[in-house]
Amino acid sequence: NDDFVTRTTGCPNGCARPYMAEIAFVGSGPNVYQLWLGGSPNQAERTGVATSIFKMPLTELEATVEPIFAMWRAQRNAPDEALGDFCHRVGV
């Protein structure tokens, strides 16, 4: 059971600061989201990076992020490596 910072917003204007989160879902249409990864766990120093996933249907959210979480669990540098630090390090 690990904690991570996530933010979800229906709008790309950034008012909810999604780009600072370790994992973020930013609306790009009705029930369609961009996936951002790699923000700093303390929400300072580093923003997340837009992935190549710009139009992920909400119905595909679990299938999209589950492999990322599995990779984080299996390939961490240390048991306490944060999700955002991991994604930044491996370039997810």
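**Side chains and loops**

Modeller: Let's begin with Asn31, which sits in the loop between β2 and β3; helices (H or I, at least four residues) and strands (E, at least two) are DSSP runs, numbered from the N terminus. Keep in mind that this is a predicted model, where local features need pLDDT of at least 70, side-chain atom pairs count only at pLDDT 80 or more, and totals for chains, interfaces and linings use all residues. Residues are numbered from 1 along each chain as its sequence is written, and side-chain values use heavy atoms, with hydrogens and water left out.

Colleague: OK, what's the phi of Asn31?

Modeller: Asn31 has a positive phi of about 55 degrees, although it is not a glycine. Most residues other than glycine have a negative phi.

Colleague: And what about the phi of Arg17, and where does that residue sit?

Modeller: Arg17 also isn't a glycine, and its phi is positive, about 55 degrees. You'll find Arg17 in the loop between β1 and β2 (23–29).

Colleague: Is Arg17 buried, partly exposed or exposed?

Modeller: Arg17 counts as partly exposed, because its relative accessibility is 44%. The cut-offs: buried means under 20% relative accessible area, exposed over 50%, partly exposed in between (1.4 Å probe, protein chains only).

Colleague: Switching to cysteines: how many disulfides are there?

Modeller: Zero, from a search of the whole structure; a disulfide here is a pair of cysteine sulfur atoms within 2.5 Å. For Cys11, the nearest cysteine sulfur is that of Cys15, 6.0 Å away, and Cys11 is in no disulfide. Cys15 is in no disulfide either.

Colleague: Which of the categories do Cys11 and Cys15 fall into, buried, partly exposed or exposed?

Modeller: Cys11 is partly exposed at 30% relative accessibility, while Cys15 is exposed, with a relative accessible area of 74%.

Colleague: Now charges. How many salt bridges does the count come to?

Modeller: Three salt bridges, meaning a side-chain nitrogen of Lys or Arg within 4 Å of a carboxyl oxygen of Asp or Glu. In one of them, the side chains of Arg76 and Asp2 meet at 2.6 Å, N to O.

Colleague: Why does the pair of Arg76 and Asp2 tie together parts that are apart in sequence?

Modeller: Because Arg76 lies in the loop between α1 (61–75) and α2 (83–90) and Asp2 in the segment before β1 (6–9), the pair ties together parts that are 74 residues apart in sequence. Arg76 is buried at 18% relative accessibility, and Asp2 is partly exposed at 41%.

Colleague: What does Asp85 meet in a salt bridge?

Modeller: Asp85 meets Arg46, at 2.8 Å, N to O. That pair links distant parts of the chain, 39 residues apart: Asp85 is in helix α2 and Arg46 in the loop between β3 (32–37) and β4 (49–50). Arg46 is buried, with a relative accessible area of 18%, whereas Asp85 is partly exposed at 30%.

Colleague: And which residue forms a salt bridge with Glu81?

Modeller: That's Arg89, with the closest N and O atoms 2.9 Å apart. Glu81 is buried at 11% relative accessibility, and Arg89 is partly exposed at 38%.

Colleague: Last one: where is Ser40, and is it buried or exposed?

Modeller: Ser40 is in the loop between β3 and β4, and it counts as buried at 3% relative accessibility.

Colleague: Which residues is Ser40 in contact with?

Modeller: Leaving aside neighbours within four places in sequence, Ser40 is in contact (heavy atoms within 4.5 Å) with Met20, Glu22, Glu45 and Arg46.
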